[in-house]
Amino acid sequence: MFLLVVNAGKDIKNDISNVNDEFDNEYGNEYNLKSYRSAPAIKNDEEYYYDMYIEDNETDIRHNCPILGIDNSQRIYIKYVVSLRFRRIKHTFGDNHFCGGAILSPGLVLTAAHCIYIPQRGPMDADDIDVVAGTPNRLLLSTTTQSIKAAKLVVHPKYVNYSVQYDIGLIKLNADFKLNDYAVSAISLPPRPPLEGETCILLGWGRLYENGPLPDEIVFNNLSILTFKMCKRRLALVNQGNICAFDKFDVEKGACKGDSGGPLICDANESQDNDTYLITGGYRHPDMDLFKYIVSVRKSNYAAYYGDDHICGGSIIGSRLILTAAHCVYKWQAYDVSVVVGGRRRMSRNKDTTRLSVQKTRCHENFTIESLLFDICLLILYDDIKLNDRTAAIIKLPVTSVLPGTYCTTLGWGRMYEHGPLPDELLYVDLFVNSNETCMVRTYMFYKQICANNPDDFERDACVGDSGGPLICDMNDRKFSVVVGSKMRMEENENTRRLRVKELRCHQEFNETTLSADICLVVLYQDINLDDRVSAIIKLPDSSPKTGVVCTSLGWGRLYENGPTANELVCTDLFIMPKRYCDQLTTYEMNKICATDPSDYEKDTCNGDSGGPLICNETLTGIVSYGFGCALKHTAGVYTEVYAYLDWIKANRSALLIFNRLNIPVIVINFGFTLQRCIHGLH
């Protein structure tokens with residue numbers, strides 16, 4: 001349901017007419033918002049709250065919504081919180097709030113880096129920010145209010161745009177706050193990590209719901225701490241240094257825009273020295289341009305409340321045709337299934353939302369639930385979908401097979417993690433198509449199917465409830481680019497350049513199943529600025545490599561199987577293995593070489609290293625192609641031999657050529673390691 005908060009004031013009854021009008025205007029008068037209690041004035045040691053219920057006009061289902069419950073004891077934590085505001089007021093005091101923060105000392109405030117950082121530019125100008133303390137009511141200038149200009153902004157040196165890692169910053173004030181025990185006070189830093197299940201208090205002036213209004217009065221929420229493992233399963237973008245907190249009884253409680261940078265206060269009941277953590281980020285939501293292609297397939301005539309009958313996703317391929325997975329509907333009759341079009345929220349309706357009945361289901365005649373082969377089904381609707389370019393549109397069908405490495409997006413209302421809750425808001429994740437070989441290794445049965453994953457984060461995936469939904473791929477523009485001049489994957493410097501790809505020239509005999517002829521040339525629009533320090537042309541070999549030669553492989557691949565990708569360029573020394581050994585490993589595949597370290601089998605290449613160089617005597621000898629398992633004993637990494645393709649390379653020397661390969665997510669795995677020794681020029 002929607003989180004609606006109406007603030008209570010002393011001796012004032014709540015006027016919800018404005019909220020009601022806004023709600024009705026946005027959601028097409030499909031709900032009536034009714035109040036059955038006035039909020040009492042705040043008194044010592046008494047709770048105050050505002051109760052509402054939302055009435056569904058169509059199903060006559062009522063939902064009680066206790067919105068805000070805070071006691072007077074929680075208000076003592078307001079003294080630690082500040083409101084970051086743009087120096088220029090829009091209309092009235094407080095309408096320029098953009099983030100929160102916590103007071104560490106009279107002249108120092110802790111906040112989130114993304115609050116004070118402008119992408120592609122760096123930290124904001126300190127002159128543009130005012131820091132306001134002692135103001136529980138955002139729009140009310142009171143006798144306890146203190147407003148001081150920022151003097152200096154400091155962002156963590158490892159913070160990267162749009163990341164939640166190292167998302168921390170400091171604000172040095174132009175003058176000191178006048179600290180006291182009741183309105184403006186400094187909070188202590190945590191002496192320990194938070195404990196699993198520990199109850200913490202989140203407070204701030206963030207939006208009451210997505211794209212909703214900011215509250216006037218500061219809002220509190222009690223949340224429980226998750227373990228890092230559970231946190232990572234729920235939010236793939238988190239890293240060490242992040243924590244997650246939630247309310248297991250109400251998933252709609254949490255931070256929103258405007259809460260960023262504010263404190264999460266823990267250990268509040270055990271001591272006066274409270275532990276403080278910062279609010280950073282959350283789930284991403286789908287591009288509106290993709291949203292118009294998806295529908296929610298639902299069970300007809302079943303709902304405890306609107307939206308809990310969602311079964312699967314589906315795609316609009318005609319005005320009366322929906323394409324979905326056969327296993328979603330194979331056990332139902334057509335009249336048991338309906339389709340909801342035009343709604344981004346699973347549990348809410350608006351003026352564009354339409355529910356349509358299914359006339360017929362036509363699933364593939366060879367589908368079996370045991371194998372899930374031929375898992376495809378057409379739903380034929382009774383009525384036409386009201387097509388438009390904004391909320392309901394027909395998606396194009398492919399004219400060719402999708403190639404490995406193609407950038408795709410899947411979206412749906414599936415579970416946020418295994419056995420977890422379904423989201424209300426439509427979510428999406430970016431994936432890359434795997435090679436057929438990778439797919440066959442990962443699936444028990446494989447026929448006319450494709451596999452996709454995110455090589456940078458294995459936890460980004462579809463889940464129960466996403467079945468039948470679309471995997472939308474950019475077949476024409478894979479949006480490749482090449483970054484040169486940087487050892488750090490997630491950091492830029494004065495030598496870093498990103499160059500657009502003009503053309504991909506992959507070998508005509510490349511086979512995505514066997515990975516033979518696994519070599520590709522990338523032609524750029526612009527020249528690389530060559531020098532002897534950060535960007536140079538590597539020599540090509542004049543003969544095949546000899547057995548036992550020491551070579552170096554380098555890249556930013558995963559540090560271990562399903563692990564994180566490296567930020568700093570990592571290299572390892574490997575030995576060329578005998579041809580007979582490699583032939584047995586690759587079943588006599590042509591033009592491949594194998595390399596490993598017999599004394600340390602855990603040295604190898606990994607996902608993300610594919611396409612990178614194997615350099616022997618400062619010569620490009622091989623290209624990372626594939627491997628077997630996770631740096632297993634008695635195996636080696638397999639590389640494309642560059643010398644075997646010299647004639648093909650020379651035939652394409654009409655433009656500057658950089659070696660890369662199209663098939664990004666192959667199953668070349670390694671174990672994490674760190675080497676101090678690298679090839680010449682990379683120190």
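**Figure 1. The salt bridge between R390 and D352**. R390 and D352 form a salt bridge in this predicted model, and their closest N and O atoms are 3.0 Å apart. R390 belongs to the loop between β22 (377-381) and β23 (407-412), and D352 to the loop between β20 (337-341) and β21 (354-363), so the pair ties together parts that are 38 residues apart in sequence. R390 is partly exposed, with a relative accessibility of 46%. D352 also counts as partly exposed, at 22%; the cut-off for buried is under 20%. Side chains of opposite charge can pair when their charged atoms come close.

**Figure 2. The salt bridge between E589 and K592**. The N to O distance between the side chains of E589 and K592 is 3.9 Å, and the rule for a salt bridge asks for a nitrogen within 4 Å of a carboxyl oxygen. Both partners are buried: E589 has a relative accessibility of 14%, and K592 has a relative accessible area of 10%.

**Figure 3. The salt bridge between K603 and D597**. The closest N and O atoms of this pair are 3.5 Å apart. K603 and D597 are both buried.

**Figure 4. A network formed by R344, R345, D424 and E425**. For the model as a whole, the count comes to eleven salt bridges.

**Figure 5. The buried and exposed faces of helix α6**. Helix α6 spans residues 579-586, and its buried residues are C582, D583, L585 and T586. Seen down the helix axis, these residues fall within an arc of 165°, so they line one face of α6. The exposed residues R580 and Q584 are carried on the face turned away from the buried side. An α-helix has 3.6 residues a turn, so residues three or four places apart point the same way.

**Figure 6. The packing of α6 and the residue that follows the helix**. After α6 comes T587, which has a positive phi, near 55°.

Methods
Residues are numbered from 1 along each chain as its sequence is written. This is a predicted model: local features need pLDDT of at least 70, side-chain atom pairs count only at pLDDT 80 or more; totals for chains, interfaces and linings use all residues. Side-chain values use heavy atoms; hydrogens and water are left out. Helices (H or I, at least four residues) and strands (E, at least two) are DSSP runs, numbered from the N terminus. Buried means under 20% relative accessible area, exposed over 50%, partly exposed in between (1.4 Å probe, protein chains only). The arc is that of the directions from the helix axis to the C-beta atoms. Contact means heavy atoms within 4.5 Å.
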